[in-house]
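Subject: Structure for your review

Dear colleague,

Please find the structure below, followed by a short account of what was found in it.

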Amino acid sequence: MNNKILFFYPGDIAGKNVEHVAASGRVKNLSRIIEKTGYEVILIGTEDVSDPKINIESGITETKVENFKTYIIKVNNDKNSFFSDGKILYKYLERIYRENPEISKIIFYGTTLRFSRSINKFCKNNHLESISSVNEWGNINTQGRLNFYLQKLGISYVRRNFDKTIVISTLMESYFNKNKNNITVRVPSVFDVSKYSQAVEKYLEDIRKQKDSEADKFIKFTYAGSIKNQKDYTANFIIALSRLNSNLLEKCKFYIYGSTKESLQKALEELGEEKSIDKLADVLVFKGFYPHEELISELYKLDFMVLLRPDLPYANAGFPTKFGESLTLGLPVFANITSDLDLFMKDGINSIVVESEKVSDIVTSLEDIISKFEYPNYEMKINAFDTGKKFFDLNNYVESMALFLGKSNEK
């Protein structure tokens, strides 16, 4: 019975590398959905090596990643390895397929041409279904012109040549649906809410009882990630804080996970705002890097996740991982509308909608929420939690995924 699916992620599938946490997490959560439809998922991750002359037999190891059977293959990400990596991957796929002849489909996370071409060729030669999982449109400002256009070529290639696509946003769904031969399913950022829902529910019940308490009444904003990540305009939020009147600012704390004071100072210097941090000594709390499970246990105790992005194609085609995860933790989001966020955000109910990522608009929203804030923010947190369970629990996408995987593609 052909009941196995191979899911290839060209990176650190275990998510030990900070830069791969969100992407590898999505691969594993999509895999959990797929397994609930009756398939067994086998993962492939990569390990970057400097030597392009790789011994195929020693360049692949079998392991377990969160209970998934997993192969780790060695690749060379040097710019000169474009064609050699594709050929090496093809040989790896041959070996894995020999060991797992029940494989009927291969999913490729991403659009990298050197891998997508090999996967597509292998699927056609072995009569397997090719599926892509595409989550990003590309950002010329952060990627550079060459990498940006290479990614565009990659996206166009998988749309034209792969049988099906798992997309993350309505914009991406519309783009892939222009090819009538490509079947799509839209799955936003999703999570296994059962892992932490009990702890969140207990915390929400505890703070409900503290409504009239005289305990810590700071408004606790937070951001988890790299300040230098130019997807998020967190530095603008810092600048906005520095422009608040002191009577408002003294009511705020901003907890920063995953970034240092030095990286923030550098980001502010690039914006010509290095003095903004001077006013915030009692406001900014740098927490350092936390393993994901430990980070979750911190976040649900805070008031607002800050998520600010510009109204540009890369932000509208993607879907921020932090948004869905924050709501599933009962953590309202302080954000402007990009992507599909307007489908889930209700201003003043489960989140705070900011007009834009511009400093002036952030200041306006901050002044408004601080003046209205009532400790312990219970109603907004419970509404966020309910929204998270409804829209971002992976269990809610099992049926649509089953239909997607079962649809035939007659070309």
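Strand 7, helix 6 (residues 170-177) and strand 8 form a right-handed β-α-β unit; right-handed means that, with the strands pointing away from the viewer, the path from the first strand over the helix to the second runs clockwise. Helices (H or I, at least four residues) and strands (E, at least two) are DSSP runs, numbered from the N terminus.

This is a predicted model, in which local features need pLDDT of at least 70 and side-chain atom pairs count only at pLDDT 80 or more, while totals for chains, interfaces and linings use all residues. Residues are numbered from 1 along each chain as its sequence is written, and side-chain values use heavy atoms, with hydrogens and water left out.

Strand 7 pairs in the parallel sense, over four bridges, with strand 6 (residues 129-134), and likewise in the parallel sense over four bridges with strand 8 (residues 183-186). Pairing requires at least two DSSP bridges between two strands. Ile-166 is the bridge partner of Ser-133, and Thr-165 stands opposite Thr-184. On strand 7 (residues 164-167), Lys-164 and Ile-166 on one side and Thr-165 and Val-167 on the other are all buried (under 20% relative accessible area, 1.4 Å probe, protein chains only).

Kind regards

Conventions. Buried means under 20% relative accessible area, exposed over 50%, partly exposed in between (1.4 Å probe, protein chains only).
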